[in-house]
Amino acid sequence: EERTLTEFKESVVAVWTPGRLGGHNQQGGTNLDLARTQSARPFEMPDGYNQLFGAERYRAAESLFDVKMAASDAAHPPPSPAQALPALIQHSLSQVDVDIRPHLLANIVVVGGSSLVYGINERLKQELEALYPGPRVRIFAPANVVERKFSSWIGGSILASLGTFHQMWISKKEYEEHGPGIVEKRCK
């Protein structure tokens with residue numbers, strides 16, 4: 001079941017790149033109406049049933065940028081505006097020195113399974129350029145699908161294999177003895 005969802009996400013789901021899906025386009029109509037005119041993408045279910053997905057294929061990914069588009073119910077409340085991808089990046093940048101923000105914006109790395117959603121890099125770049133019109137925004141994403149999917153694990157394994165990293169290891173006994181403060185002391 002998870003494999004089917006992953007395949008669906010990577011082959012059908014897409015990010016609406018000309019602005020927000022819930023917004024208006026240059027012709028005066030809504031982007032959702034424009035999305036309905038786009039050709040649908042087919043997907044074959046595990047039982048062999050074929051389904052075409054039109055404008056609805058943009059809704060799932062749109063919630064990464066516009067939380068009002070997220071599906072919600074009583075058991076699953078909608079995310080807050082602070083949980084949108086551009087807002088998370090903006091919050092992270094607000095935590096660092098102003099002088100290095102342009103350097104960080106010029107070196108954004110997008111990896112992980114959701115980075116394989118069609119159009120996510122272009123949309124993220126548009127959103128960040130709207131938030132930060134002055135500095136140059138550059139998005140890096142490995143071209144190799146396997147590398148992009150597992151970059152976090154690959155980077156973690158490289159870091160763990162470095163000789164200097166062993167000096168930063170914290171045992172369970174040390175953590176229990178000193179508490180969370182040991183992380184800051186050890187990893188400076």
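## An exposed loop residue

Alanine 143 sits in the loop that links β4 (139-140) to α7. Helices and strands here are DSSP runs (H or I with at least four residues for helices, E with at least two for strands), numbered from the N terminus. With a relative accessibility of 80%, alanine 143 is exposed; exposed means over 50% relative accessible area, buried means under 20%, and partly exposed falls in between, using a 1.4 Å probe and protein chains only. Between alanine 143 and leucine 52 there are 27 Å in space, C-alpha to C-alpha, and 91 residues in sequence.

Before going on, please note that this is a predicted model, in which local features need pLDDT of at least 70 and side-chain atom pairs count only at pLDDT 80 or more, while totals for chains, interfaces and linings use all residues. Residues are numbered from 1 along each chain as its sequence is written, and side-chain values use heavy atoms, leaving out hydrogens and water.

## Serine 152 in helix α7

Helix α7 covers residues 145-161 and includes serine 152. Serine 152 is exposed, at 54% relative accessible area.

## How α4 meets α6

Helix α4 (residues 85-94) packs against helix α6 (residues 120-131) at an angle of about 50°, and their axes are 10 Å apart. That angle makes α4 oblique to α6; the oblique class is what remains after roughly parallel (under 35 degrees), roughly antiparallel (over 145) and roughly perpendicular (65 to 115). The axes are lines fitted to C-alpha atoms, for helices over the stretch in contact, with angles from 0 to 180 degrees between N-to-C directions.

On the α4 side, Leu85, Pro86, Ile89 and Gln90 take part, and they meet Leu124, Glu127, Leu128 and Leu131 of α6. A contact means heavy atoms within 4.5 Å. By type, the residues of this contact are 6 nonpolar, 1 polar and 1 charged.

## The nonpolar cores

The largest nonpolar core contains 20 residues, and among those with the most contacts inside it are Phe8, Leu124 and Leu128. Such a core is a set of buried Ala, Val, Leu, Ile, Met, Phe, Trp, Tyr and Cys residues joined through side-chain atoms within 4.5 Å. Helices α4 and α6 each supply at least two residues of this core, and α6 gives the most, with 3 residues.

A second, separate core has 7 residues, including Trp16 and Tyr58.

Methods. Ala, Val, Leu, Ile, Met, Phe, Trp, Tyr, Cys and Pro count as nonpolar, Asp, Glu, Lys and Arg as charged, and the others, Gly among them, as polar.
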